[in-house]
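My entries follow in the order in which I checked things.

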Amino acid sequence: MANEAYRAVFLRVHPTGKMVLSLTTEADGKESEYARLVADELGVPPLDVKVVPADLDRFGEGHGYNTAPSEGASAAIRSASEKIRGKARML
């Protein structure tokens, strides 16, 4: 099941402009890189992006997600950031 399970990212933008990037994967030491990816895409300081690995508050336990860090995390984070930027442009 673990190989078939997928990973997820969730990017929330608060009204203050601060952001929370929730991951289903465990910490892998690249959290500051992930914050920079979001910051660069959305034009905010990296310190305004809080990265929460293995965010049980967002995804819960027994969710079926794979918690092993993955090389695809950067692409997923970039994609989520692009979607947020697209929504912001519509506003």
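I am working with a predicted model, in which local features need pLDDT of at least 70 and side-chain atom pairs count only at pLDDT 80 or more, while totals for chains, interfaces and linings use all residues. Residues are numbered from 1 along each chain as its sequence is written, and side-chain values use heavy atoms, with hydrogens and water left out.

**Overall layout**

I took helices (H or I, at least four residues) and strands (E, at least two) as DSSP runs, numbered from the N terminus. I found 3 helices and 3 strands in the protein, and along the sequence they follow the pattern β-β-α-β-α-α. With contact meaning heavy atoms within 4.5 Å, I noted that among contacts with a separation of 6 or more, 70% are between residues 24 or more positions apart.

**The sheet**

I counted two strands as paired if DSSP finds at least two bridges between them. The 3 strands form an open sheet in the order β1-β2-β3, with mixed pairing; β1 (9–13) and β3 (49–52) are the edge strands, each pairing on one side only. The twist from one strand to the next averages 15 degrees.

I then went through the two pairings separately. β1 and β2 run antiparallel and are joined by 5 bridges, with F10 opposite S22 in β2. Their hairpin has 5 residues between the strands, and there G17 takes a positive phi near 95 degrees. Strand β2 (residues 19–23) pairs with β3 in the parallel sense over 4 bridges, and M19 stands opposite V49 in β3.

**Helices on the sheet**

I next looked at helix α1 (residues 31–42), which lies across β1, β2 and β3 and runs at about 140 degrees to β3. Helix α3 (residues 73–90) also packs on the sheet, where it touches β1 and β2, and its direction makes about 35 degrees with that of β1.

For burial I used under 20% relative accessible area as buried, over 50% as exposed, and partly exposed in between (1.4 Å probe, protein chains only). Buried residues make up 33% of the 91 residues in the protein. Within α1 the buried residues are E31, Y34, A35, L37, V38, A39 and E41, and their cover includes β1, β2, β3 and α3. Just after α1, I found G43 with a positive phi of about 70 degrees.

**α1 against α3**

How do the axes of α1 and α3 cross, and within what distance do they come? They come within 9 Å and cross at roughly 30 degrees, so I recorded α1 and α3 as roughly parallel to each other. The contact involves E33, Y34, L37, V38, E41 and L42 of α1, and A73, S74, I77, R78, S81, E82, I84 and R85 of α3.

S74 counts as buried because its relative accessibility is 15%. Leaving out residues up to four places away in sequence, S74 touches E33, Y34 and L37.

Technical notes: Axes are lines fitted to C-alpha atoms, for helices over the stretch in contact, and angles run from 0 to 180 degrees between N-to-C directions. Angles under 35 degrees count as roughly parallel, over 145 as roughly antiparallel, 65 to 115 as roughly perpendicular and the rest as oblique.
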